[in-house]
Amino acid sequence: MSHRFRFGIVGESVRTAAELTALARRAEELGYATLTLRDHFVAEPFGDQLAPMPALTAAACATRTLRVGTLVLANDYRHPVLLAKEAATLDHLSGGRFELGVGAGWLRDEYLRAGLPFDPAGVRVERLEESLRILRGLLSGEKTTFAGEHYRVDGLTVFPAPVQAPPPLLVGAGSPRMLGIAGRHADIVGILPRALPGGTISEEISERMPDTIARKVDLAREPGRDIELSLLVSPTFGPDPRACAERVARRRGWDAGLVPDMPTQFLGPPEHIAGQMAARRDRFGFTYYLVSDRDMEAFAPVVALLS
């Protein structure tokens, strides 16, 4: 494996500056590699969120080694030239600790409430691929010219120059086309359940099963490219993994017999979860795991075991 295990936090419950800086400092103390924030301006389904770019700047200023990232920005909410300048500035101010996560956008209700057109999935995905090409060029320090269906850039460079050239690009992907785009353009691919045309995320249990995840990983693998594979996971702690699986099944309405094999579910005491992660690294290639900030303290022993 060319990538070592690393672990990140998703700051889902952060609402104030004090909570943000405390979370960032504690994550750093516990050995987490990254603090990430979502990109939403409606409360559902994750609760109210701070604007990610200024909040991550504050988190970076409150820490010394913790990396900060977006999980993920909706491409349609920002022009790629504006985003490249913000990303370069954040990377500059953090001393090279920023990771830029971008996706096509999926939450229809959010688009409509903000008065943004919710274009068909194919259009949103096409726009994202153009944006990724522009971002890669600008954040690599190149004078960038691009003419596509959705964006045109004529001889632009970005200031300030990012410390990383470019900062790592993460793309969250769940559908075959998105996985292919991520494999071609991203440094990190976050494997997700597929987004549905109606503007929601699939709740089908098949999207969480090992064979489906393995197919998604295969679609994201591009010959000659060494991508890092990422997964947002749900740990359930307790002395008995089987009892943990039954708790998850009751909560989600799933068959308890299926839960232990789901790549996003980790069950039992920390030592058992660490073993599960090692086995799934060997099977699927996942080395970068993220958990909700609500699980940060309980998950820290797993970080210590594998980092």
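Val10 counts as buried, because its relative accessibility is 0%. This residue belongs to strand β1, which covers residues 6–10. The structure described here is a predicted model.

**Surroundings of Val10**
- Leaving aside residues up to four places away in sequence, Val10 touches Thr36, Arg38, Leu71, Leu232, Leu290, Val291, Ser292 and Asp293.

**Strands β6 and β7**
- Strand β6 spans residues 144–147 and strand β7 spans residues 152–156; the two run antiparallel and are joined by 3 bridges.
- Phe146 has Val153 in β7 as its bridge partner.

**Helices α5 and α6**
- Helix α5 comprises residues 121–139, and helix α6 comprises residues 176–185.
- Their axes come within 11 Å and cross at roughly 5°.
- Because angles under 35 degrees count as roughly parallel, α5 is roughly parallel to α6.
- On the α5 side, the contact involves Gly122, Val125, Glu126, Leu128, Glu129, Leu132, Arg133 and Arg136.
- On the α6 side, the residues that meet them are Arg177, Met178, Ile181, Arg184 and His185.
- Sorted by class, this contact of α5 with α6 holds 5 nonpolar, 2 polar and 6 charged residues.

**Cysteines**
- The count of disulfides is 0, where a disulfide would require a pair of cysteine sulfur atoms within 2.5 Å.
- Cys61 counts as exposed, because its relative accessibility is 60%.
- Cys244, by contrast, is buried, with a relative accessible area of 1%.

**Cis peptide bonds**
- Glu44 and Pro45 are joined by a cis peptide bond with omega of about 10°.
- Pro45 is located in the loop between β2 (34–37) and α2 (52–61).
- A cis peptide bond also leads from Ala165 to Pro166, where omega is near 0°.
- Pro166 lies in the loop between β7 and β8 (169–173).

Definitions and conventions
Residues numbered from 1 in each chain as written. Predicted model: local features only at pLDDT ≥ 70, side-chain atom pairs only at ≥ 80, totals over all residues. Heavy atoms only, no water. Pairing = 2+ DSSP bridges. Helix = DSSP H or I, 4+ residues; strand = E, 2+ residues; numbered from the N terminus. Buried < 20%, exposed > 50% of the residue type's maximum accessible area, 1.4 Å probe, protein only. Axes fitted to C-alpha atoms, helices over the stretch in contact; angles between N-to-C directions. Parallel < 35°, antiparallel > 145°, perpendicular 65-115°, else oblique. Contact = heavy atoms within 4.5 Å. Nonpolar A, V, L, I, M, F, W, Y, C, P; charged D, E, K, R; others polar.
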